[in-house]
Amino acid sequence: MKRLIDKTVNYALGTLLTVVLIASLLAFTSQGKGYSSFFGYAALAARSESMTGENPDSFNKGDLIFIRVLDKEEKKAVSVGQVVTFYDLIDIDGDGNQEVHLNTHRITKVLSGGEYIATKGDNADAEDPQRSTDFVIGVYEGKLPWIGNVVLFIQSSWGFLLSIVLPSFVILFYCLNSFLYCYRDYCREKKAKHMSDLKELIFRELKSLGR
């Protein structure tokens, strides 16, 4: 029973450690870009319903979408109808204060030979402002429904605390506790061996004196 419990705990901690390492890697590789790319692809969590629709490449809030990151020449070759991810300015408080965020909408126009594009969400009423294709990051390739909610939760303050910080302390406590148990067992074995050697030495001395 103890072995089963130990294996279960080890598997659980291994899973937690994997989550912590992946989240740390994503946080490190996304610095300065807002996204993490591996082998030319990136995964993003949809934060709004702006692309909800009936098109095969429409998606909902909370979906995890996958994009293929484009190089400079590929950005100039995008076409009407493609769904692209780009840098956008978002009004964060209604008072004109803006932050740079990632947005993913469908191209409605390509202007100036691929220098500029206009975009619009499938569920939006109006087009976005025209922008340079230099601000495009990648083109939509697919999605996993709902999984983006997990990513959004991890990126929140409480999510980061519960999924990264707390598991890190649990792993640290478990490792420290395991080390103390191993050290205690080592000390016991060492003491037992010492006592055994001492008894053997005394036995040999008494036997020698008896002769």
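These notebook entries record what I looked up on salt bridges and aromatic pairs in this structure.

**Basis.** I worked from a predicted model, in which local features need pLDDT of at least 70, side-chain atom pairs count only at pLDDT 80 or more, and totals for chains, interfaces and linings use all residues. Residues are numbered from 1 along each chain as its sequence is written, and side-chain values use heavy atoms, with hydrogens and water left out.

**Salt bridges.** I searched the whole structure for salt bridges (a side-chain nitrogen of Lys or Arg within 4 Å of a carboxyl oxygen of Asp or Glu) and found eight.

I looked up Glu-141 and Arg-68, whose closest N and O atoms are 3.3 Å apart in a salt bridge. This pair links distant parts of the chain, with Glu-141 in strand 8 (residues 136-144) and Arg-68 in strand 3 (residues 64-69), 73 residues apart. I took helices (H or I, at least four residues) and strands (E, at least two) as DSSP runs, numbered from the N terminus. For accessibility, I used buried for under 20% relative accessible area, exposed for over 50% and partly exposed in between (1.4 Å probe, protein chains only). Glu-141 is partly exposed at 43%, and Arg-68 is partly exposed at 26%.

I next noted the salt bridge of Lys-76 with Asp-134, the closest N and O atoms being 3.4 Å apart. Lys-76 lies in helix 2 (residues 72-76) and Asp-134 in the loop between strand 7 (131-132) and strand 8, 58 residues apart. Asp-134 is partly exposed, at 44% relative accessibility.

I then examined Asp-88 and Arg-131, a salt bridge with closest N and O atoms 3.4 Å apart. Asp-88 belongs to strand 4 (residues 83-91) and Arg-131 to strand 7, 43 residues apart. Both Asp-88 and Arg-131 are buried. I also recorded one network, in which salt bridges that share partners join Asp-57, Arg-106 and Asp-122.

**Aromatic pairs.** I paired rings of Phe, Tyr and Trp (its six-membered ring) if their centres lie within 6.5 Å, with planes under 30 degrees apart counted as stacked, over 60 as edge-to-face and the rest as tilted. I counted two aromatic pairs by this rule.

The rings of Phe-59 and Tyr-140 are stacked, with centres 5.7 Å apart and planes at 15 degrees. Phe-59 is in the loop between strand 2 (41-45) and strand 3, and Tyr-140 is in strand 8, 81 residues apart. Phe-59 is buried at 4%, as is Tyr-140 at 12%.

Phe-179 and Tyr-183 are also stacked, at 6.3 Å centre to centre and 20 degrees between the planes. They are four residues apart in helix 4 (residues 157-210), so about one helical turn separates them. Phe-179 is exposed at 52%, whereas Tyr-183 is partly exposed at 49%.
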